[in-house]
Amino acid sequence: MKVLLVEDEVKLANALAQILKRHGYQVDVVYDGDQGLEMAESGLYDLIVLDRMLPGKDGVTIIKELRRQGMHRPVLFLTAKDAPADRVEGLDAGADDYLIKPFSTEELLARLRALSRRKDKEFVDTTLRAAGLTLDPLKGEVSNGTEVIQLTVKETLLLELLMRHRGQVVPKELIFERVWGYDSDSELGNIDLYIHYLRKKLKVPCIKTVRGIGYYLQEDADVS
Ligand code: CA
């Protein structure tokens with residue numbers, strides 16, 4: 001498992017790199033955003049740990065740029081405790097999870113394990129078809145019949161889950177567990193936000209709400 005660590009606090013970055021190496025990760029460290037983006041773009045890394053505040057390009061700009069290029073490797077976003085808006089901004093930009101500084105190494109390792117599990121298990125299946133949509137979970141691309149739409153990692157996982165359970169209500173708790181993971185600090189409320197993003201992107205009204213319970217993909221919108 002190759003990790004790219006982009007963090008400008010040199011002492012912290014080097015300490016984290018040592019810890020990750022001791023736990024079996026291969027780690028490359030960069031201390032500024034411009035070089036961070038360049039190395040992340042190489043596609044050589046399985047996971048990217050990205051600080052918010054960096055010299056050169058900041059963390060949010062880097063995630064946005066990677067996702068724009070269709071790069072869907074998991075990104076763990078590091079943010080400062082006193083800036084809660086950064087978390088939302090990071091997730092909106094396409095980060096998969098975040099950690100608030102200061103954090104324990106145990107927590108960092110747990111988050112990385114969760115992200116790599118997700119990468120290994122839930123991200124390997126081939127094309128899914130339901131409700132007129134064709135999803136390539138590996139690329140994070142979905143076609144609605146008229147256009148191909150690029151999704152973020154979380155949007156992809158969310159749509160994949162709904163497509164696998166097409167016609168059945170998927171409870172919010174299950175969505176949370178599968179898309180965010182048990183050890184996530186996110187709240188259930190984030191699901192509504194991501195459903196909103198998905199609906200906006202898909203442009204077809206196939207995701208239905210069951211108030212207070214969850215969501216389902218309506219099969220009769222199927223045109224394929
Ligand atoms: Ca920083």
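These legends go with close-up views of a predicted model.

**View 1. Helix H6 crosses helix H8.** Here we're looking at where helix H6 (residues 153-164) meets helix H8 (residues 189-202). Their axes come within 10 Å and cross at roughly 85°. Angles of 65 to 115 degrees count as roughly perpendicular, so H6 is roughly perpendicular to H8. On the H6 side, the contact is made by Lys154, Glu155, Leu158, Leu159 and Leu162. H8 brings Tyr194, Ile195, Tyr197, Leu198, Lys201 and Leu202 to the contact. Sort the residues of this contact by class and you get eight nonpolar, three charged and no polar ones.

View 2. Phe176 and Trp180 form a stacked pair, with 6.0 Å centre to centre and 15° between the planes. Planes under 30 degrees apart count as stacked, which is why this pair gets that label. Both residues belong to helix H7 (residues 172-180), and because they are four residues apart there, about one helical turn separates them. Phe176 and Trp180 are both buried.

**View 3. Trp180 also pairs with Tyr194.** This pair is edge-to-face, at 5.3 Å centre to centre and 80° between the planes. It links distant parts of the chain: Trp180 sits in helix H7 and Tyr194 in helix H8, 14 residues apart. Buried or exposed, what are Trp180 and Tyr194? Both are buried.

**View 4. Three residues hold protein donors of the calcium ion.** Which residues are they? They're Asp8 (OD), Asp51 (OD) and Met53 (O), and these donors lie 2.1 to 2.3 Å from the ion. Along the sequence, the donor residues follow the spacing D-x42-D-x1-M. Asp8 and Met53 link distant parts of the chain, 45 residues apart. Asp8 is in the loop between strand E1 (2-6) and helix H1 (10-22), while Met53 is in the loop between strand E3 (47-51) and helix H3 (59-68). As for accessibility, Asp8 counts as partly exposed because its relative accessibility is 29%. Met53 is at 56%, so it counts as exposed.

Key:
Residues numbered from 1 in each chain as written. Predicted model: local features only at pLDDT ≥ 70, side-chain atom pairs only at ≥ 80, totals over all residues. Heavy atoms only, no water. Axes fitted to C-alpha atoms, helices over the stretch in contact; angles between N-to-C directions. Helix = DSSP H or I, 4+ residues; strand = E, 2+ residues; numbered from the N terminus. Parallel < 35°, antiparallel > 145°, perpendicular 65-115°, else oblique. Contact = heavy atoms within 4.5 Å. Nonpolar A, V, L, I, M, F, W, Y, C, P; charged D, E, K, R; others polar. Phe/Tyr/Trp six-rings, centres within 6.5 Å; stacked < 30°, edge-to-face > 60°. Buried < 20%, exposed > 50% of the residue type's maximum accessible area, 1.4 Å probe, protein only. Donors = N, O, S within 2.8 Å, 3.2 Å for Na, K, Ca; no water.
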